[in-house]
Structures are given as C-alpha cells and as structure tokens.
Amino acid sequence: MPLLATLPVLALLVAVNTEPLEDVRVLAGDDMAGRAAGTPGSERARAYIMSRFEEIGLTPVGASFEYPFGYMSRSNEPRTGTNIIACLCESGSDQAIVVTAHYDHVGVRRDEIYNGADDNASGVAGMLAIAEHFVENPPEHDVVFVAFDAEEVGLKGAEHFVANPPEALGEIAFNLNLDMIGYNEQNELYAVGSYHFPVLVPMIEDIGASAPVTLSRGYDTPEDTGGDDWTLRTDSGPFFEAGIPFLLLSVEDHPHYHQPTDTFENLTRDFFVNAVETAILLAEKIDTELEAIAAAEPRAASDGASAAE
C-alpha cells in the first residue's frame, strides 16, 4: 500500500493513543472525588468536558452546554443533575445520531475515592474521540454528543433527555451509548442491542471482521435474565423504551467494577485504545447506514424482546 494511503489511519491511531487516555486520566483523578451527581467533583468534571467540547469545535444546542434537571433520589429527596449537550449540526439532515456516555460515578464512600476510570470516564473519553473524528471527517447526519449525569442513581439524566430533548434537535434516529470500555483482559467488547434491532447484526459483523477487538453480540436476548440483560441497565435503556434504535458498547463486569480500584492505573490500556478505535468505526458505519437502520422494523415484543414492565 502506498505510504500516502496509510497516513489517515496513522493519524487516527496517534490520536486514539493519546487524547482518550489523557481524558480518562483527568476525569478519574482524585480531585474529581468520584464525580457523584451534585458534588463539587461533578462540577469539576463538567467543566473539563465542556472545555473539551469547545476545544474539539462542538457547539451548544442552545445557549449553553449545560442542561440542569431535577429528579428524586432513592430516598425520595429532590436532587439536581446536569447533562452536558453539544452538537455537530451542519449536515442539513433532519435525522440525528445521539452519542452518549455518563460522566457521573459513585463518589466517596467510607473515606475512599471511587474514581470510576472504566465506569465511566472511559466512555466519556470514547465519546470525545468520536466527536474529534467527526469534526475532522464531517458526517452525513447531525451528531449530538451528550454526557449524562445521575446514571448511577437510576438513569436520571438519560430519562430526562429522552423525555425532554432540546427543541433545536431534529428527529433522534439512533443512540450509540458507551458505558465501560476501558477494562478487559481478553480484548473483548460487547455490542448490545442487535437482538432488538436485527438490522444491526450485519453492521456489527462487518466492523467486527476488521476491528482491533473481538466484537461480540449478546446480553440482550430473552435468555439473558436478570442482570445479564443489559437492555435497560444503562443510559441506552430510555432510548429503547422510546422506540429508538440503539447500540451499547460495554465490557463484562470485572473485579474493579464499583470498587476503589477502578483507577486510571488499572485500565487495560491497549484494550481501551482498541475499543475507542472500534467505537469510531461503528459510529462511521451508523452514520452511513442511518436511513436503512431507521426504516427497519424492530423485533416484535411478542418475539421475546425485553421491555419495561
């Protein structure tokens, strides 16, 4: 292959190897104090993400990147969270892809910081990498990037966004959600959602054939009972309940999940870099095939698809 033909790929690999890792390092730092919703650490994380949105070249959907919302805590007390919403909205399309990742974690418990490097600084870093890629390689459709708050207390940020999307957005045609893509010793990343939307199966298989990770499907079938069904377990759940096609990228639970050991130092960094590259490839594919995805029929509930009770 001529050298010039390899340069875009080399440039992508250089970017993937540096910027996402730095984003995780910053967001999972002790000064963020675990990024629990409504805390000073959450505010610091939010400021960092907004600065990265600006640096990348994204614009707010409205007057600000910040979209506060109210919710009730599990102890039935009023709380406030803040979603961060940015847009690459220059395509002229009336359909939009929403790329999401929650930035909150569980904070400080028993005087120990739960840094949440994999959960979910890794997903936010992947989202930012997709944004950088699309700024440099303009997509065919509008792409909205949302860092959700209050996922850890019941998907509150995602629920609010789906119920109250900013008026300036067009039709939300797809959700690509990144939640825990930073730790896996087998180099295996799961793409969840194709059981519900079979049109995604060939797309996943196509990307998986050349992806730098083992891209597996699963955790979304009637056989995946209880916590093994990830359909409603994370922020893509409210999109699914609204009938919006989705794809969740995630890893299986691991020894550092919701532990103080979920730190930047404990990431499997080569896997994380590979997962980010795979997320970019999938985002490109979704953009290219969005009309076909939006027009396809989901699996009927009578076929055993998971749904909210």
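Student: What volume does the second largest pocket have?

Tutor: The second largest pocket has a volume of about 230 Å³, counted as the space filled by probe spheres set on grid points joined across faces, edges and corners. This is a predicted model, where local features need pLDDT of at least 70 and side-chain atom pairs pLDDT 80 or more, while totals for chains, interfaces and linings use all residues. Numbering starts from 1 along each chain as its sequence is written, and side-chain values use heavy atoms, without hydrogens or water.

Student: What makes it a pocket and not a cavity?

Tutor: On a 1 Å grid over the protein atoms alone, a 1.4 Å probe in a cavity cannot get out; a pocket is an open set with protein on both sides within 12 Å along at least five of seven lines.

Student: How many residues line the second largest pocket, and which lie nearest its centre?

Tutor: The lining has 13 residues, each with an atom within 4 Å of a point. Ala-36, Ala-37, Tyr-71, His-105 and Val-153 lie nearest the centre. By class, five are nonpolar, three polar and five charged. Here Ala, Val, Leu, Ile, Met, Phe, Trp, Tyr, Cys and Pro count as nonpolar, Asp, Glu, Lys and Arg as charged, and the others, Gly among them, as polar.

Student: Why are helix 5 and helix 7 called oblique to each other?

Tutor: Helix 5 (residues 200-210) and helix 7 (residues 269-288) pack at about 140 degrees, with axes 10 Å apart. Under 35 degrees is roughly parallel, over 145 roughly antiparallel, 65 to 115 roughly perpendicular, and the rest oblique. Helix 5 is therefore oblique to helix 7.

Student: Which residues make that contact?

Tutor: Helix 5 gives Met-203, Asp-206 and Ile-207. Helix 7 gives Thr-278, Leu-281, Leu-282, Lys-285 and Ile-286. Contact means heavy atoms within 4.5 Å. Five of these residues are nonpolar, one is polar and two are charged.

Student: What makes helix 3 oblique to helix 7?

Tutor: Helix 3 and helix 7 pack at about 50 degrees, with their axes 9 Å apart. Helix 3 is therefore oblique to helix 7. Helix 3 brings Ser-122, Ala-125, Gly-126, Ala-129, Ile-130, His-133 and Phe-134 to the contact. Helix 7 answers with Phe-272, Val-276, Ala-279, Ile-280, Ala-283, Glu-284 and Asp-287. That contact has nine nonpolar, three polar and two charged residues.

Student: Why is helix 2 called roughly parallel to helix 3?

Tutor: Their angle is about 15 degrees, with axes 10 Å apart. Helix 2 is therefore roughly parallel to helix 3. Ile-49, Arg-52, Phe-53 and Ile-56 of helix 2 meet Val-124, Met-127, Leu-128, Ala-131, Glu-132 and Val-135 of helix 3. Eight of the contact residues are nonpolar, none polar and two charged.

Student: How do you know that a cis peptide bond joins Asp-119 and Asn-120?

Tutor: Omega between Asp-119 and Asn-120 is about 5 degrees. Asn-120 lies in helix 3 (residues 117-136), a helix being a DSSP run (H or I) of at least four residues, numbered from the N terminus.

Student: What phi does Ala-33 have, and where does Ala-33 lie?

Tutor: Phi is positive, about 50 degrees, although Ala-33 is not a glycine. Ala-33 lies in the loop between helix 1 (3-27) and helix 2 (40-56).

Definitions and conventions
Axes fitted to C-alpha atoms, helices over the stretch in contact; angles between N-to-C directions. Helix = DSSP H or I, 4+ residues; strand = E, 2+ residues; numbered from the N terminus.
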